[in-house]
Amino acid sequence: MSNFLNNSYKTLESYVPGEQPTDMKYIKLNTNEFPYEPSPYVIEKINEDETKKLNLYPDPKSTYLKETIAKRYGFDAKNVFVSNGSDETLSFYFMAFCENGVVFPDITYGFYEVYANLYNLDYKKIPLKDDFSIDVSDYIGINKNIIIANPNAPTGMVLSIDDIEKIVSSNKNNLVAIDEAYVDFGAESALGLVNKYDNLIVIQTFSKSRALAGGRLGFAIANEGIIADFEKIKYSTNPYNINRLTQIAGISAIKDDTYYMDLCKEVAKTREFTKNELTKLGFTLTDSYANFVFASHKNFDGEKLYLNLKSNGILVRHFKGERIKDYLRITIGKMEDMKVLIKTLKNIIGE
């Protein structure tokens with residue numbers, strides 16, 4: 001740290017991404033990436049002719065991309081905001097709307113607390129119940145801006161649409177953001193509520209279910225006024241936030257939607273296989289509807305188990321929070337990857 005950093009940032013605890021070691025070849029089950037490549041159609045569209053245009057700025061309005069997303073989900077383009085990964089939308093949400101405070105679960109996506117501290121906001125972390133589920137009554141009429149990941153991370157557990165509507169309808173003077181990064185793996189989207197409630201923002205990403213984690217593309221759908229607010233912040237920070245090739249990749253991925261939705265079903269099948277096999281090995285798991293599972297074993301320390309798997313060439317995610325220190329978040333890879341995981345865990349447990 002230099003002596004020039006603003007004092008307000010010197011104590012900031014930044015977000016820690018999943019590790020990306022290069023010392024050996026690992027089975028990567030630690031960053032919730034999609035285990036399959038982008039569709040052949042996407043790869044075809046990102047071609048030599050398009051890369052030759054990289055000397056030109058991209059469309060700052062992302063017009064065709066917004067129209068394509070809007071058509072896919074049954075909205076007008078004026079209801080769509082696109083961003084450099086959904087993290088940028090999340091950052092703008094905290095920056096633009098939460099000066100009077102924000103609440104979120106105590107165990108959830110770690111960036112929420114980072115953003116709240118980055119923008120010096122008043123925030124409250126609401127404890128999950130003992131089974132790691134969200135108590136809906138904690139959010140009814142709370143009169144604060146709210147953000148909830150659904151499915152939640154790292155637990156993968158979901159709220160029903162009825163419960164989300166209870167939260168949104170009881171906080172009409174505040175914004176409710178539903179972060180649906182993992183929704184395509186088996187949960188129900190809250191997008192059907194957007195036209196009914198002006199205070200709802202639904203945020204999704206292309207990083208998980210559309211194999212574009214490296215492309216950095218996210219979007220939000222909300223009423224026209226909220227989208228205009230997002231655009232104002234974007235044009236005040238980075239007007240060309242979506243590069244040319246990512247715009248093409250996003251449009252092409254939506255056009256080849258069946259390819260991705262079929263593979264999401266495959267990931268869900270592999271998730272259920274993994275849950276069953278881990279249960280046989282004595283693990284306790286949350287009821288995940290995401291592309292990962294959240295598991296602990298009563299006979300094994302979480303960190304030691306993580307390190308043991310790493311030494312065997314398998315990366316999973318371990319968190320040091322007191323309530324979850326014995327849990328591992330395990331991304332669902334291809335079936336062959338998960339079979340290697342199960343075999344390795346059998347050997348570890350056997351030893």
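A charge is taken to sit over a ring if NZ of Lys or CZ of Arg is within 6 Å of the ring centre and within 35 degrees of the ring normal. By this criterion, the charged end of Arg329 sits over the ring of Phe292, 5.9 Å from its centre, and the charged end of Arg210 sits over the ring of Phe206, at 5.5 Å from the centre of that ring. The model described here is predicted, and local features need pLDDT of at least 70, side-chain atom pairs count only at pLDDT 80 or more, and totals for chains, interfaces and linings use all residues. Residues are numbered from 1 along each chain as its sequence is written, and side-chain values use heavy atoms, with hydrogens and water left out.

Helices (H or I, at least four residues) and strands (E, at least two) are DSSP runs, numbered from the N terminus, and two strands are said to pair if DSSP finds at least two bridges between them. On this basis, seven strands form an open sheet with mixed pairing, in the order β2-β8-β7-β6-β5-β3-β4. The edges are taken by β2 (80-83) and β4 (123-126), each of which has a single partner strand, so one side of each is left without a neighbour in the sheet. Neighbouring strands of this sheet are turned against each other by 20 degrees on average, direction ignored; axes are lines fitted to C-alpha atoms, for helices over the stretch in contact, and angles run from 0 to 180 degrees between N-to-C directions. Within the sheet, strand β7 (residues 200-205) and strand β8 (residues 218-221) run antiparallel and are joined by four bridges, and Gln204 stands opposite Phe219 in β8.

Helix α6 (residues 161-169) packs on the sheet, where it touches β5 (145-149), β6 (176-179) and β7, and its direction makes about 155 degrees with that of β6; contact here means heavy atoms within 4.5 Å. In α6, the residues Ile161, Ile164, Glu165, Ile167 and Val168 are buried, a class that requires under 20% relative accessible area, whereas exposed means over 50% and partly exposed lies in between (1.4 Å probe, protein chains only). Seen down the axis of α6, its buried residues fall within an arc of 160 degrees, so they line one face of the helix, the arc being that of the directions from the helix axis to the C-beta atoms. An α-helix has 3.6 residues a turn, so residues three or four places apart point the same way. The buried residues of α6 pack against β5, β6 and β7.

On the sheet side, Val176 lies in strand β6 and, with 0% relative accessibility, counts as buried. When residues up to four places away in sequence are not counted, Val176 touches Ile146, Ile167, Val168, Asn199, Leu200 and Ile201. The C-alpha atoms of Val176 and Ala228, which are 52 residues apart along the chain, are separated by 17 Å.

The structure holds 27 aromatic pairs, where rings of Phe, Tyr and Trp (its six-membered ring) pair if their centres lie within 6.5 Å, and planes under 30 degrees apart count as stacked, over 60 as edge-to-face and the rest as tilted. The rings of Phe97 and Phe230 have their centres 5.5 Å apart and their planes at 80 degrees, so this pair is edge-to-face. Phe97 lies in helix α4 (residues 85-97) and Phe230 in helix α7 (residues 224-235), so the pair ties together parts that are 133 residues apart in sequence. Phe97 counts as buried at 16% relative accessibility, and Phe230 counts as buried at 0%. For Tyr115 and Tyr119, the ring centres are 6.5 Å apart and the planes are at 15 degrees, so the pair is stacked; Tyr115 is buried, with a relative accessible area of 6%, while Tyr119 is partly exposed, with 23%.

Several backbone features were found in loops. In the loop between β5 and α6, which holds Pro151 and also Pro154, the peptide bond from Asn150 to Pro151 is cis, with omega near 0 degrees, and a cis peptide bond also joins Ala153 and Pro154, with omega about 15 degrees. Asn120, placed in the loop between α5 (111-118) and β4, has a phi near 55 degrees, a positive value in a residue other than glycine, and counts as exposed at 71% relative accessibility. Arg216, in the loop between β7 and β8, likewise has a positive phi, of about 60 degrees, although it is not a glycine, and counts as partly exposed at 29% relative accessibility.
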